[in-house]
Amino acid sequence: MFKKLLMTLVLWAVVYPLVAQTQGDTIYHFRFEPGNDGLYTAYRNNGTELTRLLSCVVQNKEAILAGTIPILVDGYCSSLHDEAAARAIARIRSNRVKSELITREGLTEACFTTRNHTSGGDYVTVRIAIPAQPSESGPEQQAEAERLEAEQQRLKAEQQRLEAEQQRAEAEAQRAEAEQARQAAEQARQEAERQRAEAEAQRAEAGHPEHDSYHLSLRANLLRWATLTPDLGIEWRIAPAWGLMVNGSWTSWTWDNNARRYALWEVSPELRWYLGKQKRGYLGLLYKVGQFNYKLSETGKQGDLMGGGITAGYQLRLNRALSLDFNLGLGYLNADYEKYEVIDGVRVRRGNETKEWWGPINAGVTLVWKIF
């Protein structure tokens, strides 16, 4: 709708001056080079048109300054593809023509009604609608003057409507730009919130990881310590799901004037496979080797033991540095030993025996200290 109306006005502006000339209307044309806003008097009869225009202004100056005879100025520029640049050139061309009348004849901006167009050619038209005197004109001339006045008012109202429409379009464009800026700000806020949440999750993971992300730990089997058997071990987590551990125990006790004895040493390497997302439960392969010397009654037993089996357990996390390891091992043990008695302080051998054992071979409630 807006484009159709604009094209209608442009066509009317081009055709109407030619028709009006045949009716005696006062119209002047000033030609401009394409893409140029300079008013050259030597270019295409511009000097003659300027002389005619100044003569008309001088004859009607008093009425023009009083506002009873308006000067209609239309600037055109169709030689530029950018609409904003073309409208700017058209406005400068209109101002070039008006400045000649302002500087030479003392007119003011209020004397002009200006319109600028981005199509139709490269020129400026100046129309001075001089009403016919009642004494010198008949009814037809009076009607024509009234028609021209009405047309002028209609064009002025149309110009105001177009300006209002343009302002509305500019306001709508500004609103769309503001909405785009708001959406961009919202996207930036959401992205910042996402990054903050990821950073928070990383901090939480660092403080409370889903699995115990240690590499080296020291161990002490509290059950062994409870039986007065010092026990220490070390574990190297070669991967989050795999650990290699070596555990050792040693003790030597005598009492009742050396009539009773409890002594042993053991070394137990173990390979563990940690399960689940938190890597706290595990299965393992255990090997055990050691020596013992027990004399808890009249007959003592001294010899070697060796065996191995499968272990299973669970690590209960206490804090970032400590855990409790509950484990149980099932498998096979072989013990070769000699029996002896002590008579008058002399150990007397009473024979050899070998025993095999299938069942529990290891148990522990182990305190784990994660070094790093």
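Student: What makes Arginine 194 and glutamate 198 about one turn of the helix apart?
Tutor: Both sit in helix α5 (residues 139-207), and they are four residues apart there. Keep in mind that we're looking at a predicted model.

Student: Why is the contact between arginine 194 and glutamate 198 called a salt bridge?
Tutor: The cut-off is a Lys or Arg side-chain nitrogen within 4 Å of a carboxyl oxygen of Asp or Glu. Here the closest N and O atoms are 2.4 Å apart, so the pair meets the rule.

Student: Which residue forms a salt bridge with glutamate 100?
Tutor: That's arginine 104, with the closest N and O atoms 2.9 Å apart. Arginine 104 is partly exposed, because its relative accessible area is 49% and the exposed label needs over 50%.

Student: How do you know that arginine 224 and glutamate 266 form a salt bridge?
Tutor: Their closest N and O atoms are 2.8 Å apart, and the limit is 4 Å. Arginine 224 belongs to helix α6 (residues 222-226) and glutamate 266 to strand β8, so this pair ties together parts that are 42 residues apart in sequence.

Student: Why are arginine 224 and glutamate 266 called buried?
Tutor: Buried means under 20% relative accessible area. Arginine 224 comes in at 18% and glutamate 266 at 10%, so both pass.

Student: What makes Arg219, Glu235, Glu270, Arg272 and Asp325 one network?
Tutor: They are joined by salt bridges that share partners. By the same rule, the count of salt bridges comes to 23.

Student: What makes the eight strands a barrel?
Tutor: They close up in the order β5-β6-β7-β8-β9-β10-β11-β12, with antiparallel pairing. On average, neighbouring strands of this sheet are turned by 20° against each other, ignoring direction.

Student: How do you know that β7 and β8 are paired?
Tutor: Pairing takes at least two bridges, and 14 join β7 to β8, so they qualify; the two run antiparallel. One of the links is between tryptophan 255 and its bridge partner in β8, arginine 260.

Student: Which residues make the nonpolar surface patch?
Tutor: It's made by Trp236, Ile238, Trp242, Leu244, Leu271, Trp273, Leu275, Leu283, Leu285 and Ile310, and covers about 960 Å². The elements giving two or more residues are β6 (231-239), β7 (242-255), β8 (260-275) and β9 (281-295). β8 gives the most, with three.

Key:
Residues are numbered from 1 along each chain as its sequence is written. This is a predicted model: local features need pLDDT of at least 70, side-chain atom pairs count only at pLDDT 80 or more; totals for chains, interfaces and linings use all residues. Side-chain values use heavy atoms; hydrogens and water are left out. Patches are made of residues with over 30% relative accessible area and no salt bridge: like charges are joined within 9 Å, nonpolar side chains (Val, Leu, Ile, Met, Phe, Trp, Tyr) within 5 Å. Accessible areas come from the Shrake-Rupley method with a 1.4 Å probe; for residues, only the protein chains shown count as cover. Axes are lines fitted to C-alpha atoms, for helices over the stretch in contact, and angles run from 0 to 180 degrees between N-to-C directions. Buried means under 20% relative accessible area, exposed over 50%, partly exposed in between (1.4 Å probe, protein chains only).
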